Amino acid sequence: MTVHSIHIFNKKCECIYFAEWNAKADASKKDKLEPAAEEKDVDGDPETAKLVYGVVFSLRNMANKLSNQGFRSYKPGTYKLHYFESPAGPKLVLITDPNAPNMADTLQSIYANVYVEHVVKNALVKPNTPIRNQLFRTTLDKYVRSLPNFE
Amino acid sequence: MAETAQQRFVCDSAMDFLLMETVSLMQEGFDSIDEERDAAYARMEQLGHRVGMGLAERATRDRPRFADNLEVVKFICKDFWLLLFNKQIDNLKTNHRGVYVLTDSSFKWFSRMSADVAAETPQLALVHSAFPCGLIRGALSSLGVSSSVVAEVAAVPQCTFQIKFR
């Protein structure tokens, strides 16, 4: 199981963080293998982010109307997208390969242990702005790489 | 420190967030970045002074008077810091001529700080060190010692306080 990428959206529907691991084989654009420090486009491709947000938003509303549980993940043929919405605000979207198990706990712990610790409790960060601080980036990277099936 | 059964607790995180916001609040209303930083520093230090005075009085309620300046500084390093942050100062150095250097290797309020460019973090963290400086100065002054306290941040989360007795 590999994790491909993560998006974090704030309450204003803006993508405040994007990171990518193991660039997919058919990626035609720039080869961003790791969230490098000097990338000027740290939030990833804004168009992709908007598309992802749109999909997630529609699916979430549909699932809420159809059932009590709400939208957690979906799986087309080549990938699996996991969604986590925290009560306070940010939405986490994780894209992995299709064989991934349920990542709800992982997402919850990314939120609680990485986001809250290094963004919310960080005195030097203004809320709702794009996340660029080093500590968050390295902690998230380490955490994802330490997941049991990450390759 | 003995507390009665009616002690009331405040959430730790709430306190941290309040202080973070106070620093930003203190920086408002000034035009240039340097003015902002100096003004914020001065105001936070005054705040800390007042809080430190009250806290020290409360903490030394049942204790006898301190023998000399070294005892006072040791009180700051152990009991006062324990009261504030649940840990003691990690290192104390002195030149025996009225200058003491206190080092906290993982200062609680700096433990989650990180800037976009890692190298800038110590500079930005300096404003947040004003309140603890004031705390120490206030505590010392309520214990009868006049001093000046300056903080140095080499790398977060480490913080060094330099006390000069007057």
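Tutor: Start with one rule: two strands pair if DSSP finds at least two bridges between them. Keep in mind that this is a predicted model. In general, strands of a sheet pair through backbone hydrogen bonds, either parallel or antiparallel.

Now look at chain A. Five strands make an open sheet there, in the order β2-β1-β5-β4-β3 of chain A. Their pairing is antiparallel. Find the two ends of that order. They are β2 (15-20) and β3 (73-74) of chain A, the edge strands, and each pairs on one side only.

Next, go inside the sheet. Strand β1 (residues 3-9) of chain A meets strand β5 (residues 91-96) of chain A in the antiparallel sense, with 6 bridges. Pick out one position: A:His7 sits opposite A:Val93 of β5(A).

Which helices touch this sheet? Helix α1 (residues 46-66) of chain A is one of them: it lies across β1, β2, β3, β4 (80-85) and β5 of chain A. Helix α1 of chain A runs at about 75° to β1(A). Helix α2(A) packs on the sheet as well, touching β1, β2, β4 and β5 of chain A. The direction of α2(A) makes about 55° with that of β4(A).

Follow α2(A) to the other chain. The contact between the chains takes 12 residues from chain A and 12 residues from chain B. Between them the two chains bury about 1,200 Å², with 62% of it on carbon and sulfur atoms. On the chain A side, A:Lys121, A:Ala123 and A:Leu124 lose the most area to chain B. Together they account for 45% of what that side buries.

What polar links cross here? The rule finds 1 salt bridge across the interface. In it, the side chains of A:Glu117 and B:Arg112 meet at 2.4 Å, N to O. There are also 4 residue pairs in polar contact across the interface. Two elements of chain A give two or more residues to this side: α2 (104-120) and α3 (134-145). Of these, α2(A) gives the most, with 3 residues. By type, the side of chain A that touches chain B has 5 nonpolar, 4 polar and 3 charged residues.

Cross over to chain B. Its open sheet has 4 strands in the order β1-β2-β4-β3 of chain B, with antiparallel pairing. Here β1 (91-94) and β3 (147-152) of chain B stand at the edges. Each has a single partner strand, so one side of each is left without a neighbour in the sheet. From one strand to the next, the twist averages 20°.

Follow B:Val101 through its partners. In the antiparallel pair β1(B) and β2(B), joined over 4 bridges, B:Val101 of β2(B) is the bridge partner of B:Lys93. The hairpin of these two strands has 4 residues between them, and B:His96 takes a positive phi near 60° there. Now turn to β2 (residues 99-104) and β4 (residues 159-165) of chain B, which run antiparallel with 6 bridges. There B:Val101 stands opposite B:Gln162 of β4(B).

Finish with the helices of chain B. Helix α3 (residues 69-85) of chain B packs on the sheet and touches β1, β2 and β4 of chain B. Its direction makes about 15° with that of β2(B). Helix α5 (residues 130-142) of chain B lies across β3 and β4 of chain B, at about 155° to β3(B).

Notes. Residues are numbered from 1 along each chain as its sequence is written. Chains are lettered from A and ligands numbered from 1 in the order in which they are written. This is a predicted model: local features need pLDDT of at least 70, side-chain atom pairs count only at pLDDT 80 or more; totals for chains, interfaces and linings use all residues. Side-chain values use heavy atoms; hydrogens and water are left out. Contact means heavy atoms within 4.5 Å. Buried area is the accessible area (1.4 Å probe) that two parts lose on being put together, summed over both. A salt bridge is a side-chain nitrogen of Lys or Arg within 4 Å of a carboxyl oxygen of Asp or Glu. A polar contact is a pair of N or O atoms within 3.5 Å; within protein, one must be able to donate a hydrogen and the other to accept it, and residues adjacent in sequence count only if both atoms are side-chain atoms. Ala, Val, Leu, Ile, Met, Phe, Trp, Tyr, Cys and Pro count as nonpolar, Asp, Glu, Lys and Arg as charged, and the others, Gly among them, as polar. Axes are lines fitted to C-alpha atoms, for helices over the stretch in contact, and angles run from 0 to 180 degrees between N-to-C directions.
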